[in-house]
Amino acid sequence: MRKIQILLILLFVSCSNLKYLEPFDRFKNKPKSIESTTYSITYIDSLAKEEVAYKFILLYDSKGRKIKNSGFKSDGSPSAGGEEYTYDKYGNNTQIILYKQDRSINTQINFRYNKFGQKTEREYISGWKKSITKYIFDRKNRVEKIIEKRNDSSISENAIQKYDENWKKIELISNDSSNKQKSRIEFFYDKKNNEIQSKWYNSENKLSEYYKSTYNFYNDRIRIEKYHIRSGESKLVSDTKTEYKYDEKGNCIEERLISNGKTSWITKNEYKYVW
């Protein structure tokens with residue numbers, strides 16, 4: 001009896017420890033793998049022609065952790081040696097390794113987290129290039145300071161991210177090395193927590209452009225409009241729509257990107273659900 005109790009406790013702890021994991025990247029019904037093929041669309045005499053641009057295959061373990069991503073060129077040959085992912089016992093992604101085709105390491109990215117599952121450090125290593133990004137949280141005021149430094153200690157990123165009471169980002173301020181504002185972005189959401197608008201300000205804190213987004217029943221973005229502000233007037237400069245098809249489980253099996261009235265890209269997804 002005692003052995004059974006211990007096993008049950010271990011099982012409970014094992015399951016509950018992955019509290020910061022987003023299982024299966026929010027795909028439904030626990031897919032084991034996803035094969036995604038993207039086609040570029042060209043037009044000859046107004047007739048659309050599909051050509052494979054690239055493909056990738058994602059693999060998940062039974063707990064929903066993404067463990068491998070393999071990419072392929074348009075001719076079906078591997079584009080590199082793939083990506084592999086490592087996690088801690090709480091489900092935080094602690095490492096990503098990108099391999100060359102000969103399986104030597106091309107890029108390694110390491111992550112650290114605080115006890116709340118928030119990323120506190122990112123270390124990027126690729127050959128002789130190295131950078132470390134620190135994410136410093138003031139949880140009381142819901143403010144995050146982001147500092148990225150290169151090998152030579154020069155600052156490549158200096159930003160402040162602000163959050164609302166639900167930890168949704170509401171403002172991002174990018175500064176130069178002397179803490180003078182380079183740009184500022186405000187974010188707005190609907191009742192389903194979808195980002196429906198972002199306003200972009202320049203170094204003088206003047207509104208320069210903004211984006212408006214629309215979503216469907218599945219909370220997938222179906223339209224994004226980009227506006228420029230000139231002499232106080234707004235002008236629509238791009239209008240991109242996305243059409244989706246879903247399988248019976250609610251996962252997207254086809255995505256069509258339509259830019260200014262013409263389909264430019266099509267992505268088709270195949271899911272395997274059997275373990």
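A charge sits over a ring if NZ of Lys or CZ of Arg is within 6 Å of the ring centre and within 35 degrees of the ring normal. In this predicted model, lysine 249 stands in that relation to tyrosine 273: the charged end lies over the ring, 4.5 Å from the centre. A further case involves lysine 262, which is placed over the face of tyrosine 43 at 4.6 Å from the ring centre.

Confidence was examined along the chain. The mean pLDDT is 93, and 94% of the residues reach 70 or more. Residues 6-15 stay under 50. For that stretch the model has 1 contact beyond four places in sequence.

Aromatic pairing was considered next. A pair of aromatic rings is described by the distance of the centres and the angle of the planes. The structure holds 10 aromatic pairs. One of them joins phenylalanine 24 and tyrosine 60. The geometry is tilted, with 5.7 Å centre to centre and 45 degrees between the planes. This pair links distant parts of the chain, its members being 36 residues apart. Phenylalanine 24 belongs to the loop between helix H1 (2-16) and strand S1 (33-44), whereas tyrosine 60 belongs to strand S2 (residues 47-60). Phenylalanine 24 counts as buried because its relative accessibility is 4%, under the 20% cut-off. Tyrosine 60 is likewise buried, at 3% relative accessibility. Elsewhere, ring pairs gather Phe217, Tyr218, Tyr244 and Tyr246 into a cluster.

The structure holds 20 salt bridges. Among them is the contact between arginine 65 and aspartate 61, at 2.6 Å from N to O. Arginine 65 is partly exposed, with a relative accessible area of 21%. Aspartate 61 has 16% and is therefore buried, the limit being under 20%.

Arginine 103 forms a salt bridge with glutamate 84, and the closest N and O atoms are 3.0 Å apart. The two residues are 19 residues apart, and the pair links distant parts of the chain. Arginine 103 sits in the loop between strand S5 (93-99) and strand S6 (105-113), and glutamate 84 sits in strand S4 (residues 83-87). Both ends are partly exposed: arginine 103 has 40% relative accessibility, and glutamate 84 has 27%.

Glutamate 204 and lysine 206 also meet through their side chains in a salt bridge, at 3.9 Å from N to O. Glutamate 204 is exposed, at 58% relative accessible area. Lysine 206 is exposed too, at 51%. Salt bridges that share partners also build one network, joining Lys162, Glu171, Arg184 and Glu186.

Two buried polar residues were examined in detail. Asparagine 93 is located in strand S5. Its relative accessible area is 17%, so it counts as buried. A polar atom of the asparagine 93 side chain lies 2.9 Å from the backbone oxygen of threonine 86. Beyond neighbours within four places in sequence, asparagine 93 is in contact with Tyr85, Thr86, Tyr87, Phe111 and Tyr113.

Serine 213 is located in strand S14 (residues 207-215). With a relative accessible area of 11%, serine 213 is buried. Its side chain makes a polar contact with the side chain of arginine 221, at 3.2 Å. Serine 213 and threonine 240 are 27 residues apart along the chain, and their C-alpha atoms are separated by 9.6 Å.

Arginine 142 is not a glycine, yet it has a positive phi of about 55 degrees. Arginine 142 lies in the loop between strand S8 (129-138) and strand S9 (143-150). Its relative accessible area is 25%, which makes arginine 142 partly exposed. Asparagine 260, not a glycine either, has a positive phi of about 50 degrees. The loop between strand S17 (252-259) and strand S18 (262-272) holds asparagine 260. Asparagine 260 is exposed because its relative accessible area is 58%, over the 50% limit.

Definitions and conventions. Residues are numbered from 1 along each chain as its sequence is written. This is a predicted model: local features need pLDDT of at least 70, side-chain atom pairs count only at pLDDT 80 or more; totals for chains, interfaces and linings use all residues. Side-chain values use heavy atoms; hydrogens and water are left out. pLDDT is the predictor's confidence in each residue, from 0 to 100. Contact means heavy atoms within 4.5 Å. Rings of Phe, Tyr and Trp (its six-membered ring) pair if their centres lie within 6.5 Å; planes under 30 degrees apart count as stacked, over 60 as edge-to-face and the rest as tilted. Helices (H or I, at least four residues) and strands (E, at least two) are DSSP runs, numbered from the N terminus. Buried means under 20% relative accessible area, exposed over 50%, partly exposed in between (1.4 Å probe, protein chains only). A salt bridge is a side-chain nitrogen of Lys or Arg within 4 Å of a carboxyl oxygen of Asp or Glu. A polar contact is a pair of N or O atoms within 3.5 Å; within protein, one must be able to donate a hydrogen and the other to accept it, and residues adjacent in sequence count only if both atoms are side-chain atoms.
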